Amino acid sequence: MTSGNGAARAPMLEIENLHVSVAGKPILCGIDLVVNPGEVHAIMGPNGSGKSTLAHVLAGREGYEVTAGTVRYLGRDMLALEPEERAREGLFLGFQYPIEIPGVAGVNFLKAAVNAVRVHRGEGELDAIDFLKLARAKAKLLEIDEALLKRPLNVGFSGGEKKRNEIFQMVLLDPRLAVLDETDSGLDVDALRVVAGGVNALRGPERSVVLITHYQRLLDYIVPDVVHILAGGRIVKSGGKDLALEVEDQGYATLASGTAA
Amino acid sequence: MAASVDTAKTVGALGADEYKYGFVTDIEAVAAPKGLDESTVAFISKQKGEPAWMLDWRLKAYRHWLTMTEPDWAKVGYPPIDYQDAYYFSAPKKAGDGPQSLDEVDPELLRTYEKLGIPLREQEVLAGVAVDAVFDSVSVATTFKGKLADMGVIFCPISEAIREHPDLVRRYLGSVVPYSDNFFATLNSAVFTDGSFVYVPKGVRCPMELSTYFRINAANTGQFERTLIIADEGSYVSYLEGCTAPMRDENQLHAAVVELITHDDAEIKYSTVQNWYPGDKDGKGGIYNFVTKRGACRGRNSKISWTQVETGSAITWKYPSYILEGDGSVGEFHSVAITNNRQQADTGTKMIHIGKNTRSTIIAKGISAGRAQNTYRGLVKALPGANGARNYTQCDSLLLGDRCGAHTVPYIEVKNRSARVEHEATTSKISDDQLFYCRQRGLSAEDAVSMIVNGFCKQVLQKLPMEFAVEAQKLVGISLEGSVG
């Protein structure tokens, strides 16, 4: 595994021998992964390989039982934190299927979320006017119609609107570690370009991104530092950005049957 | 709604020492002895300095009450009430009886006041702290009274109205809710001790919400409250009852009656925020709120709207109703009922369309959490003469958790072919997915629930007068504390 930065810096995310079961059935069977600040990692794999499980465990979703292993985030035991604590500490999960919340305008939801994070950071809450200014600026960047922000969150949004809205939330919340779960699925080329633009804008020496994706296509727009292949609950291969192209050529079956990482 | 078959019970939820918060108050010198008979009724009437006609009316009610049985059709369960084991009249507390400062008040209560953002001075009044009589809101109240009097608006305790404005009271009292109406209303007619009286004369638009000072002065209105509001031709009044702050009240049974009357082109907007003690999380204690509220749109093109936010009481039994007599009259009902822990609410409305082209809207939102049971019960009725009557009903239930219940019992009776009645109902749950999504964005589970529930109720909350809408939003969150996590 490559490490772009000096060894003196603590990793952003450090997963060791992670085993996870859902309803008694093992899904993840010994994941090891280190993501350093400034890096973008792509995790690819066939359906059912455990990609989304990994994303949910990192975010603290109930119903996933960690049977062994550790997850450290900025040196802290991440599994001991509540989901909202992880979020306030700078973890963002872009949902594969963003959830509809009827009756709650997106802009109100986001203001509450941004302020929860700001209060945690000791920055003080934004008032409605300052928040709207910020939101408008970011909405423009992601080519999001302002009218969409006033509608109930995700309710009646098209697939593309939902995904763009996830990235919009990410940009507003300014996370240190973003885990994007199949954010590219169901996007047309234009939407993909916009989403990738949002992620690329976030890249920086203090931030890390974990992209979970089924297809190589997204990686044309967001070039990863490291690519991992997940199969059968294990990382079976890791490499540079070219590994994604191998997947495209050979399919997962060949790679998964090869030597384990 | 008389012959309801829905009498499912959830007894057993309520403990044996049910009366802990009920009738154990030390009663001071001026009090009627325990129990209820004709002499109790006469005692109350005498204490209030009432004329003979009022006593006669009370006695008629009392004698009728003896022939009645307590209704059991509501979907609520509670142990039998012993009406002879209660006090029906006690003198108001003297200043100096209560705590001397906020330091002596239950910190839990203060914490809630703080969350609601209630100013310190008002906290003192609400908590019953003996405060200096000269403080801001009292002088404000006096100013208001002067302004109202200049416009001919009468706004006073009903006991004062009985003495000072007997013609108005005799003409209207019991004209919407007759003394024989129902078990609890009849009991109220016999023993009511106080309440409010409002009369708005022809063409007058009441210049202020009758709430600004009511919030402070409403405390200790008593167990059997009686309110009568009359809007004469072309007048308008907005009245707010209750308080977002929790009320600690030693009386367990509350049986209030409210009557509203609108004449031609008049409008009454009546808003309630009810946050009485709901009992503890195991269902011990708490108020029984058995209320009869009814408005009569007597005049042409007159309008009554009830808006209620019910978050308190162990049991709520309440159906603010409308008699749309005047042609073109309008009834609007907006309701939020929140039940948590062991609370039970059976609430809704009745719309009786009598006049031509009468219109009504019902928007009811019920939220259940914990082990609570929440029932919407509504009747929409169009009589044969109600040509062109229209009703739209929307009835939504939201469940938190898997041990509470939501029930919808709509009754529709249409006897006119040109009438149109629409009913829509939904039931939904706050899902784990929604909670997780909110928490992943940094919101606590409680803030997430509060936000989702407020979104669910928005349509109703925005009907409240501005200042109370803000407090009511916070109240929604507070009422559901402990329901998740």
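Let me start with the core. The largest nonpolar core has 191 residues. Those with the most contacts inside it are A:Val179, A:Leu211 and B:Val198. Its largest share, 9 residues, comes from α11(B). In soluble globular proteins, nonpolar side chains tend to be buried together.

Take B:Val198. What does it touch, leaving aside neighbours within four places in sequence? The contacts are B:Ile154, B:Phe155, B:Leu210, B:Ile229, B:Ile230, B:Val237 and B:Tyr239.

A word on confidence. This is a predicted model. Chain A averages a pLDDT of 89, and 94% of its residues score at least 70. The exception to flag is residues 1–7 of chain A, where the pLDDT is below 50. That stretch still has 13 contacts in the model beyond near neighbours in sequence. Where pLDDT is low, the predicted coordinates should not be read in detail.

Now the sheet in chain B. It is open, with 7 strands and parallel pairing. The order is β4-β7-β9-β12-β14-β16-β18.

Look at β12 and β14 of chain B. Residues 330–339 and 359–368 run parallel, joined by 10 bridges. One bridge pairs B:Phe333 with B:Ile362 in β14(B). Helix α11 of chain B, residues 445–461, packs on this sheet. It touches β9, β12, β14 and β16 of chain B. Its direction makes about 155 degrees with that of β14(B).

On to the contact between chains. It takes 17 residues from chain B and 21 residues from chain A. On the chain B side, the elements giving two or more residues are α10 (432–440) and α11. Helix α10(B) supplies the largest share of that side, 7 residues. The chain B side divides into 6 nonpolar, 5 polar and 6 charged residues.

Is α10(B) mostly covered or uncovered? Mostly covered: 7 of its 9 residues are buried. They are B:Gln434, B:Leu435, B:Phe436, B:Tyr437, B:Cys438, B:Arg439 and B:Gln440.

Last detail. Just after α10(B), B:Gly442 takes a positive phi of about 105 degrees.

How values were computed: Residues are numbered from 1 along each chain as its sequence is written. Chains are lettered from A and ligands numbered from 1 in the order in which they are written. This is a predicted model: local features need pLDDT of at least 70, side-chain atom pairs count only at pLDDT 80 or more; totals for chains, interfaces and linings use all residues. pLDDT is the predictor's confidence in each residue, from 0 to 100. Two residues are in contact if their C-beta atoms, placed from the backbone, lie within 7 Å. Two strands pair if DSSP finds at least two bridges between them. Helices (H or I, at least four residues) and strands (E, at least two) are DSSP runs, numbered from the N terminus. Axes are lines fitted to C-alpha atoms, for helices over the stretch in contact, and angles run from 0 to 180 degrees between N-to-C directions. Ala, Val, Leu, Ile, Met, Phe, Trp, Tyr, Cys and Pro count as nonpolar, Asp, Glu, Lys and Arg as charged, and the others, Gly among them, as polar. A nonpolar core is a set of buried Ala, Val, Leu, Ile, Met, Phe, Trp, Tyr and Cys residues joined through C-beta atoms within 7 Å. A residue is buried if 20 or more other C-beta atoms lie within 10 Å of its own, exposed if 12 or fewer, and partly exposed in between; C-beta atoms are placed from the backbone.
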